[in-house]
Amino acid sequence: MDKLIRLGMDTSKSVFQLHGVNEAEQPVLRKKLRRSLVLAFFAQLRPLKVGMEACGAAHYWARELRALGHEVVLLPPQYVKPYVKRGKSDAADAEAICEAMSRPNMRFVPVRSAENQGAQMLAKLRAQFIGRRTQLANSIRGFAAEFGLVAPKGLSRLGELLADIRADTTLPDMARQMFETLARDYARIAEEIAALDEQLLALHRQNEMSRRLAVVPAIGPVGATLLAIKVPEAHGFKSGRDFAAWLGLTPKNHSTAGRNRLGVITRAGDEMLRSVLVAGTTALIQHMRRGSKRVWPWLQALIARKSPKLAAVALANKLARIAWKMMVSGEHYRPMSDAVSEAASARP
């Protein structure tokens with residue numbers, strides 16, 4: 001067999017497809033392996049560059065192959081798809097990965113450590129439980145409305161609704177039992193969320209970057225912790241705009257023939273991180289409209305001519321760029337008033 005210089009691997013649950021090329025870019029290896037044989041096969045190879053599509057299990061395999069001395073890169077699946085020649089098969093995918101990873105301008109996904117994956121698991125589980133709590137609250141409200149019982153919006157008013165349900169003597173016994181089942185499930189989920197919040201705050205206090213980012217308005221401890229967890233390598237982005245685009249906070253570009261045409265917000269990237277930033281900016285705008293002392297003239301002018309939702313996304317874009325700058329430079333957040341006063345004092 002000629003000397004391998006690059007190998008693309010298409011992973012799955014049980015069968016892995018390999019495609020390797022030599023220095024002349026000629027295919028010299030096309031092989032299918034069972035999961036249990038992957039590490040033993042790579043242990044026999046000389047160190048080479050291995051590429052895989054970025055997915056949940058890919059980070060585990062990247063760590064294992066790096067321990068064997070190989071150079072491992074992870075590629076976003078959307079960047080591999082254009083290199084699939086025709087059809088859809090494991091062999092075609094492995095060949096496309098091998099070709100895509102050779103491009104000099106290809107972007108790669110940083111390999112996560114096991115600790116980082118555990119922290120991301122905490123964030124994802126918290127988000128799932130919050131969604132489950134909302135689902136249960138909506139179920140209780142919907143079923144209660146069928147019996148003429150309603151309550152104002154908000155999770156804080158759900159306790160009043162449950163009290164009214166228990167006090168209603170006209171409810172059938174079966175309905176009362178079902179409401180109690182939903183109430184027990186809701187209380188259990190609320191306790192789990194509170195415990196996960198404590199773990200998330202403990203993680204925030206232990207992370208120096210997270211503590212610095214939490215000072216930025218509208219980011220807070222939760223957003224700062226998610227940024228520190230999900231963006232361990234901020235230097236991988238060339239600019240703050242690239243980072244905001246990765247989060248899906250920039251408009252789609254449909255420019256052609258010298259005409260710039262921008263469309264809707266892409267909503268690409270990490271949905272959880274983007275939603276937390278937009279929720280924080282939405283709350284900040286509402287607080288400012290109620291008469292907050294923190295006033296940003298450019299934001300007031302934007303709200304005057306655009307909808308609050310669009311202004312919230314624009315502010316999230318701005319804060320994402322600020323957060324990127326803080327992550328790559330190690331600087332602390334300085335409010336606009338402090339920056340202006342320092343610039344004025346520095347003038348001759």
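A residue is taken as buried when its relative accessible area is under 20%. In this predicted model, arginine 212 has a relative accessibility of 6% and therefore counts as buried.

Arginine 212 belongs to helix α8, which spans residues 208-213. Leaving aside residues up to four places away in sequence, arginine 212 touches Met326, Gly330, Glu331 and His332.

Side chains of opposite charge can pair when their charged atoms come close. Over the whole structure, 10 salt bridges are found. One of them joins arginine 6 to glutamate 25, with 2.6 Å between the closest N and O atoms. This pair links distant parts of the chain, 19 residues apart: arginine 6 is in strand β1 (residues 6-10), and glutamate 25 is in the loop between β2 (15-21) and β3 (27-34). Arginine 6 is buried, at 7% relative accessible area, whereas glutamate 25 is partly exposed, at 40%.

A further salt bridge connects aspartate 270 with lysine 230, the closest N and O atoms being 3.2 Å apart. Aspartate 270 sits in the loop between β7 (262-265) and α11 (271-289), and lysine 230, 40 residues away, in helix α9 (residues 220-230). Both residues are buried. Finally, a network of salt bridges links Arg132, Asp185 and Arg188.

How values were computed: Residues are numbered from 1 along each chain as its sequence is written. This is a predicted model: local features need pLDDT of at least 70, side-chain atom pairs count only at pLDDT 80 or more; totals for chains, interfaces and linings use all residues. Side-chain values use heavy atoms; hydrogens and water are left out. Helices (H or I, at least four residues) and strands (E, at least two) are DSSP runs, numbered from the N terminus. Contact means heavy atoms within 4.5 Å. A salt bridge is a side-chain nitrogen of Lys or Arg within 4 Å of a carboxyl oxygen of Asp or Glu. Buried means under 20% relative accessible area, exposed over 50%, partly exposed in between (1.4 Å probe, protein chains only).
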